[in-house]
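Subject: Model handover

Hello,

Here is the model you asked for. My notes follow below it.

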Amino acid sequence: MVTSKEAVSLFSGANKAYWYVVSGGEGKRDLSTFTKGDLEYRYMAENLDSEEKLRAYLENWYTPEQTANLFKELGFITHNGKLAQPNADGGSLLNWEKASVIRTTGSTTVKTYELKVPLGELNEVETVMGELRYVPGQGWKVHSLGN
């Protein structure tokens, strides 16, 4: 069983992990960029510079299926033996630490949440849907998070 507080903590951690990965990780990195197709790419920092390291990091919060989806959706490639991502910056104003669960449905292995998440310092709130799945031997993991 996962409590609402634990669910919010999982979604918050997954969101932080997502933006950490999008920002390229931490540590030493090759700062050069390169173009492949129509996209400019940048290399990941040393703590996330291989597919194995990136997947292991994301699987702390996400199901293996969602980790694979994120890897594909975010456009990672290996170039000259190092992991690289499309060169784009971004961020989110959603304040996950102050999120609250509105409604939960599901079973003993899958839970769907409707959450209210404050938007930055504004007095606005965004409704976000999220799904947790129980991964045997690992516990509850984020399977989806979005509108």
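This is a predicted model, and the protein averages a pLDDT of 91, with 97% of the residues scoring at least 70. pLDDT is the predictor's confidence in each residue, from 0 to 100. Among the elements, helix 2 has the highest mean pLDDT (97) and strand 5 (residues 100-106) the lowest (91). Where pLDDT is low, the predicted coordinates should not be read in detail.

Some ground rules. Residues are numbered from 1 along each chain as its sequence is written, and side-chain values use heavy atoms, with hydrogens and water left out. In this predicted model, local features need pLDDT of at least 70 and side-chain atom pairs count only at pLDDT 80 or more, while totals for chains, interfaces and linings use all residues. Helices (H or I, at least four residues) and strands (E, at least two) are DSSP runs, numbered from the N terminus.

**Helices**

Start with helix 1 (residues 4-22) and helix 2. Their axes come within 10 Å and cross at roughly 160°. Helix 1 is therefore roughly antiparallel to helix 2. Axes here are lines fitted to C-alpha atoms, for helices over the stretch in contact, and angles run from 0 to 180 degrees between N-to-C directions. Angles under 35 degrees count as roughly parallel, over 145 as roughly antiparallel, 65 to 115 as roughly perpendicular and the rest as oblique.

Helix 1 passes helix 2 in a right-handed crossing. Right-handed means the near helix is turned clockwise from the far one by less than a right angle; anticlockwise is left-handed. Ala17, Tyr20 and Val21 of helix 1 make the contact with Leu54, Tyr57 and Leu58 of helix 2 (contact means heavy atoms within 4.5 Å). By class, that contact has 6 nonpolar, no polar and no charged residues. Ala, Val, Leu, Ile, Met, Phe, Trp, Tyr, Cys and Pro count as nonpolar, Asp, Glu, Lys and Arg as charged, and the others, Gly among them, as polar.

Next, helix 2 (residues 51-58) and helix 3 (residues 64-73). Their axes come within 9 Å and cross at roughly 130°. The two are therefore oblique to each other. This crossing is right-handed. Glu51, Leu54, Arg55 and Leu58 in helix 2 meet Thr67, Ala68, Leu70 and Phe71 in helix 3. The contact divides into 5 nonpolar, 1 polar and 2 charged residues.

An open sheet of 4 strands has the order 1-2-4-3, paired antiparallel. Two strands pair if DSSP finds at least two bridges between them. Strand 1 (33-36) and strand 3 (77-79) are the edges, each pairing on one side only. Neighbouring strands are turned by 45° against each other on average, direction ignored.

Strand 1 joins strand 2 (residues 39-43) through 4 bridges. Thr35 stands opposite Glu40. Their hairpin has 2 residues between the strands, and Gly37 takes a positive phi near 65°. Strand 2 and strand 4 pair over 3 bridges, with Tyr41 opposite Pro86. Strand 3 and strand 4 (residues 82-86) also pair over 3 bridges. There, Ala84 is the bridge partner of Ile77.

Strand 5 and strand 6 (residues 110-118) run antiparallel, joined by 6 bridges. Thr104 has Tyr113 as its bridge partner.

Strand 6 then pairs antiparallel with strand 7 (residues 125-135) over 9 bridges. Lys111 is partnered by Leu132. This hairpin has 6 residues between the strands, and Gly120 in the turn has a positive phi of about 55°.

Best wishes
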